[in-house]
Amino acid sequence: MSSIEFRKDLFADERDDNLKEIGKPTIRQDILGHVTGRTPYYDDHLFDGLLHMRAVRSPHHHAQIRSIDTSVAEQMPGVRRVATAKDVPHNLNTLLSLINFGRDDEPLCAHDKVRYMGETVAWVIADTERQARDACAKVRVDYNVLPHVLDVEEALTPNAPVVNEIYPNNTFDYHEKYDHQKLRFGDVNAAFARADHVIEAEYQMSPIEQAPIETCGAIAAPEINDRFVCYTNTQALFFSLGTTAKLLNVASSRLHFIGGTAGGGFGGKVDSIVEPTAVLGAMLTGRPVKFAWDRYEEMQVGAPRGGERWRLKDGVMSDGTVIAREFTGFFDSGAYMRLSPYAIIKGTGHLPGPYSIPNVASNVYCCITNRTPATAMRGFGITAVDFAIECQMDKVAEAVGMNPVELRILNAYRDGDMKAHRRKAKNTALIECCQVAAAKADWAISRQAAQQSSLTPMPERQNIPETVTDTEGLIGERRQGRVASTSPSTQSNGRVPAGTHREAIGGAPVQNPDMQIDADRIGHKMGSSPTQIPAAATKAAAPTAPPAAPSVPAAAPPVAPVAPPPAATVPTPPQPAAPYSPSAPFSRGTKRPGSSPFTSGFRRR
Amino acid sequence: MTIHKGRGFACINYPIGMNLGGDPSQALVHSTPDGKFMVALSSIDLGQGMKSVTRQIASETLGVPVEDVYVDTADSDTGPHCMGSFASRGTHRVGNAVIRAAAEARKQMMEAAAEELEVNATDLDTDGAGNIHVKGAPSKSITIAETAIAAQFKQGRTLSGRGIFLIPPSEADPETGDMTPVTCFAHAALVVDLEVDDETGEVTVNHINSAYEVGRALNPKLVEQQLIGGAWMGVSHALYETTEPNYPARDHGPEDFNTYLQPGPGQIVPHDIAVLERPAEDAPYGGKGPGEMCANPVLPAVANAIYNAVGVRCDYLPITPEKVLRGIREQGGARPQAVRA
């Protein structure tokens, strides 16, 4: 049996435990619908005359597309339309272009070459799913198979094939400068030289599947007033809407997305592939169209949590103090970037884990391989490196002959400690978690370890050390064979003075004082309201903001496409640029003037 | 054949919200004619309880019973923008936006009530049961329903509020990695007890003891649901799951739940949990969001427990019976390590 207890005795003076609704086990608003099977999911919106769309997929890891012959497929029973890359108005995107991150690198449908097994090369839209599948089998694609690369470190070598010409070095380009993201704090090599023990190991996480019960899917249909409605199980409604608007080159105001309930997500429903595909189908046919992955596609074509390889090197004193930690990390992004390069920055900010280590260095690579693109999953950017760090801590404990729990408490970060990304730790509670978990499991720890507290400051840990830097790994150097090692350089050529840091960034302040919750109602007792401190920090940060930071005009729609059409960033009602003309006029459904046959939602049969 | 018992420990912290900011969420709150409140969002409920947590946050901030609040999400025509439900940002970002929207609506509500009661709005408080009263004089009160009717049909006042929460975007430094990755961290520590069969290499996880620090358990039942489910996912990730069993080769990939291995309902590990609550300054009522982090400590704790049981380090996931058995054979048999107690 399992149990749960709430340790209200800990940090009690930082909380107001007398709130009226917060902290109550209130029954979920939506649970009755879920348990009685009445909650509508996207797939319950079965329109009259619904068509089914299926993708033709690459059987090769890497191949040039010489030609695509759809003539036989078009003659198959029930087939309404066969579509290829040329039917996609703006067939190049990267997910995070919505926040100005990265270059457009991924087509919705491959046209020049395929870069992973399962990549879309064409679609069939037919009256039934069976007919669509049969016709997909009749699409003939002439491929010229190319050499492929599947291993992250092999992809970095000079002789590896170029997977995606947008990133010709098989890595994401960080800051238009390096082929990896660096973290430098102190001087790891000097610390390794004086450490009593140096412990090195390599860790590998396999790709895994998010495995939601409900696979990714969407149903799109023409709506009144020249709009399209899309029922979707996306995890990010406006992400999917903005991506669809960009790929299909329509004003976002012509799209009406409805979702909110998903049969599991775990990160796998952020990629926004099924939505633009279904809306494209509705545009091309003028009919409601469903596009959904089957279980095979969900497992082998839909993006998994990517594989990651991490090498750790620790310098440890015989009393168990970790004085240096070095990371070399490789994210297997697959053929396209999606969210992986962003997760690497998240992972870098997380290093060296929840410990205060005075010397930290890390190089992390976003590697492009001929594999299904990776994407988010619960713990994205953190899970694999946490596995590596905590296995490594066990090895450190063994090397110095310490109780593993006491070793963690000895090195655990505390309030006020300086972290390797140059911000002070606050609101920490690692030590208390270690103490409580050990006590629950009857895992004995020393009296000294049991007396430690996250609240007790450690003044010697609160400063930013002088830091050695290097310029190894400039974009392109590695593939030219001019960089021998992927690990952080042992040859420094620069120094950043002690104490150097940027300003912390906090939440934007309320725009109107009425939106500020009263200080006596915020529920915690730290003296300051949540928005006052960040407001001051934001002001301080403004002058030092890096010039390359994406400047988002306050009035611009947050999902405005970054690339074409440029007119869409104007905060006036967007004009439908290049209206899309369906191949066949919209003719089915009820004929009553002024009514749309497709807007009512639920089953009409 | 021998069954070896092993025990492993791991602890972690977890960054809450989208890294480096730039991920706004918005909320709109308005009163119906009779003083019920609608919260309009575009956020997604993945089963984690998004709708319920935002409903509780709205009712707490408004000072009205939770039954009188309904959350409507996600229709892009009526719900304001939200970046999405990922990166542990739902509770933190959306929750803060809801607080701001509900705070503004509460302000209008209190002013409308003040006009009806002919007192100063700052002298009024809500009782959380549907009434607004003069502080220290509970008998001088008005119901929220009466307030809403008076506001909308007599005073010409709307009881509504707008909220947005944004951490402005920032960048990481290319040379040092200097950055403001997130604004708060959740924490966890966990002990795994398991058994390893040295003939088959099979691992059976028997028990988990854990401590999770979540800022504030906004809804303790939803927290429990996340932690139990997350631990299951952690065990599954550590011991079973892979889409590419021969990674980096792509052959023999599983295609359905018959070949993609996960523990069944009967293998849910008994799990004794302690929840710690240290509110984060900038989080809604201090709550950090336990969803993403709760699987993470399980993976290394399982690996460390296997080492403790048989002396084999399994640094490559998933830790299949084959890997354990090969490790045992390479070292000439199981080598149990120190008993942890």
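**View 1. The contact between chain A and chain B in the predicted model.** In this predicted model, 135 residues of chain A are in contact with 129 residues of chain B. On the side of chain A that touches chain B, the element that gives the most is helix 12 of chain A (residues 430-440), with 8 residues. Sorted by class, this side of chain A comprises 67 nonpolar, 38 polar and 30 charged residues.

**View 2. Strand pairing between the two chains, formed by strand 1 of chain A and strand 11 of chain B.**

View 3. Contact between them involves 14 residues of domain 1 and 14 residues of domain 2. The side of domain 1 that touches domain 2 has 7 nonpolar, 5 polar and 2 charged residues.

**View 4. Strand 1 of chain B and its pairing with strand 9 of chain B.** Strand 1 of chain B (residues 3-15) is mostly covered, with 10 of its 13 residues buried. Strand 1 pairs with strand 9 of chain B (residues 185-197) in the antiparallel sense over 13 bridges. One point of reference along the pair is Gly8(B), which stands opposite Val192(B) in strand 9. In a regular strand, side chains alternate between the two faces of the sheet.

**View 5. An open sheet of 3 strands in chain B.** The strands of this antiparallel sheet follow the order 5-6-7. Strand 5 (124-126) and strand 7 (137-143) are the edge strands, each pairing on one side only. From one strand to the next, the twist averages 35 degrees. Strand 5 and strand 6 (residues 131-134) pair over 3 bridges, and Leu124(B) stands opposite Val134(B) in strand 6.

**View 6. Two helices lying across strands of chain B.** Helix 2 of chain B (residues 90-117) lies across strand 5, strand 6 and strand 7. The direction of helix 2 is at about 110 degrees to strand 7. Helix 3 of chain B (residues 144-155) lies across strand 6 and strand 7, running at about 50 degrees to strand 7.

Technical notes: Residues are numbered from 1 along each chain as its sequence is written. Chains are lettered from A and ligands numbered from 1 in the order in which they are written. This is a predicted model: local features need pLDDT of at least 70, side-chain atom pairs count only at pLDDT 80 or more; totals for chains, interfaces and linings use all residues. A residue is buried if 20 or more other C-beta atoms lie within 10 Å of its own, exposed if 12 or fewer, and partly exposed in between; C-beta atoms are placed from the backbone. Helices (H or I, at least four residues) and strands (E, at least two) are DSSP runs, numbered from the N terminus. Two strands pair if DSSP finds at least two bridges between them. Axes are lines fitted to C-alpha atoms, for helices over the stretch in contact, and angles run from 0 to 180 degrees between N-to-C directions. Two residues are in contact if their C-beta atoms, placed from the backbone, lie within 7 Å. Ala, Val, Leu, Ile, Met, Phe, Trp, Tyr, Cys and Pro count as nonpolar, Asp, Glu, Lys and Arg as charged, and the others, Gly among them, as polar.
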